[in-house]
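Take a look at the structure below. This report walks through a few of its helix contacts, a pair of strands and a pair of rings.

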Amino acid sequence: PFDERLEKATDGVIASSLAGWDGIAGPEGPKKPEVVAGGPYLTAMGDASLIRYDMALNSVLSTLGVLFLFLFAYRRFASLAYAFVPLICGMFLTFAFSEIAFGSLNSATSVVAGLLIGLGVDFVIVSYGRFIEERRRGATLEEALLTMTGSTGRAVLVGAVTTTATFYAFAITDFTGLRQMGLLTGTGILFCAFAMFCLLPAMLAWSEDHHERRQKTVNHFLHSFGSDYISRLCLRHKRLTVLLGVLLTIASAAALFQLDFDESMKTMRPKGNRGIDVAAEVGQRFGSGFDSMTLLISADSPEEVIELSDRASEGARKLVRQGILYGYSGVTSLIPSPARQAEALGWLDRERGDALNVDRVRSTFAQAIAAEGLRLEPFEPGLDLFSQAVQLQHPIGVQDFAGSKQTQLLLDRFLKKTGNGWRGAVYLYPPSNRWRREAPPEAVKLAENLGPKVVLAGTNVINQRVRTQVIDDAWVASILGVVLVALLIWMDFRSLRWTLYSLIPLVIGLLWMGGGMVLFGIPMNFINIFVTTMIIGIGVDYGVHVLHRYREVVGLSDEEFESGLLETGKAVVAASLSTIVGFGSLIFSHYPGLQSTGKVAILGALSTCLVSITLLPVALTLMRKQTIARQARKAAKSPQRPSSITA
């Protein structure tokens with residue numbers, strides 16, 4: 001709101017000034033000068049506008065994309081209601097929670113709608129897919145609902161909790177936007193899962209109870225999106241599939257050494273922001289822009305601040321001579337240090353009767369301008385000021401600037417009283433397009449030499465710290481996400497072996513994701529590096545669904561076993577496609593960082609899905625055969641005991 005008021009007031013001043021301008025004579029007549037405003041306030045205004053636009057665009061694209069996906073997958077308009085009624089309820093609960101918890105959205109949390117549409121709808125896809133499968137087999141409504149909410153519901157619940165856990169891992173980061181995005185998305189996933197468990201069974205039961213004619217005419221259908229063909233092909237050529245999977249995994253792991261990391265914060269900002277463009281033009285034309293650094297000084301008295309500012313200015317002056325800085329400014333340009341003032345007052349006292357004699361200077365000046373044919377009157381105010389300065393007998397201080405509003409505002413830029421003492425600022429201006437990513441080491445050393453009461457601040461200082469902090473936070477969030485996911489899966493399976501089985505497809509999928517980034521030239525940056533943590537929660541769900549189904553059908557016939565894995569593969573592919581659609585809307589964002597996030601998330605979801613419908617079914621099939629063979633050998637070795645009836 002302040003930025004909006006400031007922009008309106010500034011535009012009013014510019015408009016009123018230009019309205020009174022007579023114009024500059026030119027070949028085409030009078031022409032008024034062009035006035036363009038820029039800077040961080042307008043940058044924030046532009047960002048806010050883009051955030052609102054991107055949020056609306058992402059929501060619309062995600063919604064339309066998932067709508068089309070559902071309609072294509074299930075071939076029933078009723079499926080749209082099954083998907084979006086629980087999803088909309090979950091999203092309403094999420095944004096109500098956002099209003100209570102945060103009160104506003106930012107460039108990170110504005111993408112939550114797209115994420116929830118892509119992730120929250122997964123629960124409906126997997127559950128409804130199992131319901132369709134059971135009904136096509138001839139199960140009654142009650143039996144299909146029990147299987148959907150029981151067997152499949154357990155896997156869905158584990159998937160929701162693991163995905164939530166990885167988003168909650170962002171809570172340990174030092175970045176407000178990521179913390180809010182993690183908390184909001186994780187909580188939203190729980191809301192969507194809760195809404196699905198409550199509403200989907202009721203909607204399915206109501207639909208079939210109140211439309212008895214559908215009992216015979218409805219055609220339950222779930223499109224495989226080619227997963228049937230791919231999975232059957234892999235199961236028919238198990239050795240070749242394993243060989244290709246190993247080779248692709250090794251190649252992806254080797255390609256990770258070629259993965260670039262884009263450390264530039266500038267490349268993640270949107271183009272076309274007036275505040276940024278004008279600031280860049282000022283830097284280009286004047287040799288130095290608005291990217292200044294600040295030596296922030298804290299002390300108990302103004303005299304101490306001025307003394308430290310004097311030392312800081314002296315050090316900055318040396319850096320200017322060395323070409324490291326373009327310039328500097330501080331309070332000592334208005335109020336010199338006490339030592340310098342004492343030296344200046346001594347010099348004034350000595351020279352008043354000679355070089356600074358007011359009468360002699362006035363007389364000499366009057367003779368000189370008369371010889372040039374000029375009048376003395378226009379120069380009188382300047383001579384009076386000179387006389388006043390020469391007659392100064394005492395040092396000047398803060399109180400001398402309090403006499404007028406203009407001088408007080410001038411001083412406030414460099415020196416100000418706060419509730420905890422006095423604060424001062426010495427502004428350091430680096431050359432244009434230099435020292436953007438980090439502070440000059442000489443400036444850092446200058447701040448350190450000035451003592452603990454002086455701190456160096458600036459955009460480049462932030463960038464330097466952010467690079468280190470982001471990488472550290474990404475590692476911690478990823479490790480924490482893996483630990484939480486592994487713990488939750490262990491609580492589900494109660495087996496370390498099955499927990500490891502569920503994590504292996506995830507690890508392979510992440511390696512394939514990294515290889516895809518290298519293949520398509522997508523560098524890692526400060527934003528999409530956290531996608532790895534998201535994929536841990538999203539990608540592990542696909543393997544969990546397949547493993548849960550394996551444990552259901554492992555004791556059935558070969559045909560039923562294969563059919564069960566293929567049907568679950570259909571739901572997994574549909575769920576991954578919904579995630580791709582939800583994240584895919586990010587590639588249309590104005591923020592390059594979010595665009596790369598969408599691309600990396602698409603690669604991650606696609607990679608983990610492919611592993612879950614190709615390598616994992618093959619591995620489970622081989623494991624089942626080994627188990628059956630081992631049991632057969634064991635049964636052959638042990639003598640059969642006679643039954644009690646025979647005995």
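In which hand of crossing does α8 pass α20? The crossing is right-handed. Keep in mind that this is a predicted model.

**Helix α8 against helix α20**

Helix α8 covers residues 227–236. Its axis comes within 9 Å of the α20 axis, and the two cross at roughly 135°. That angle makes α8 oblique to α20. On the α8 side, the contact is made by Ser-227, Asp-228, Ser-231, Arg-232, Leu-235 and Arg-236. On the α20 side, Glu-562, Leu-566, Gly-569, Lys-570 and Val-573 take part. Sorted by class, the residues of this contact are 3 nonpolar, 3 polar and 5 charged.

**Helix α2 against helix α20**

Helix α20 (residues 558–584) also packs with helix α2 (residues 40–74). Their axes lie 8 Å apart, at an angle of about 160°. How are α2 and α20 oriented to each other? An angle over 145° counts as roughly antiparallel, and α2 and α20 are therefore roughly antiparallel. Here too the crossing has a hand: α2 passes α20 in a right-handed crossing. From α2, the contact uses Ser-62, Gly-65, Val-66 and Leu-69. From α20, it uses Ala-574, Leu-577, Ser-578, Val-581 and Gly-582. This contact has 5 nonpolar and 4 polar residues, and no charged ones.

| Helix pair | Axis distance | Angle |
|---|---|---|
| α2 and α20 | 8 Å apart | about 160° |
| α8 and α20 | within 9 Å | roughly 135° |

**A strand hairpin**

Now turn to the strands. Strand β3 spans residues 415–418, and strand β4 spans residues 421–429. They pair in the antiparallel sense over 4 bridges. Which residue of β4 is the bridge partner of Leu-415? The partner is Gly-424. How many residues lie between β3 and β4 in their hairpin? There are 2.

**A pair of rings**

Finally, look at the aromatic side chains. A pair of aromatic rings is described by the distance of the centres and the angle of the planes. The whole structure holds 11 aromatic pairs. One of them joins Tyr-82 and Tyr-128. Their ring centres are 5.2 Å apart. Their planes stand at 65°, so the pair is edge-to-face. Where do the two residues sit? Tyr-82 is in helix α3 (residues 78–101), and Tyr-128 is in helix α4 (residues 112–136). The two are 46 residues apart, and the pair links distant parts of the chain.

Definitions and conventions. Residues are numbered from 1 along each chain as its sequence is written. This is a predicted model: local features need pLDDT of at least 70, side-chain atom pairs count only at pLDDT 80 or more; totals for chains, interfaces and linings use all residues. Side-chain values use heavy atoms; hydrogens and water are left out. Axes are lines fitted to C-alpha atoms, for helices over the stretch in contact, and angles run from 0 to 180 degrees between N-to-C directions. Angles under 35 degrees count as roughly parallel, over 145 as roughly antiparallel, 65 to 115 as roughly perpendicular and the rest as oblique. A crossing is left-handed if the near helix is turned anticlockwise from the far one by less than a right angle, and right-handed if clockwise. Contact means heavy atoms within 4.5 Å. Ala, Val, Leu, Ile, Met, Phe, Trp, Tyr, Cys and Pro count as nonpolar, Asp, Glu, Lys and Arg as charged, and the others, Gly among them, as polar. Two strands pair if DSSP finds at least two bridges between them. Rings of Phe, Tyr and Trp (its six-membered ring) pair if their centres lie within 6.5 Å; planes under 30 degrees apart count as stacked, over 60 as edge-to-face and the rest as tilted.
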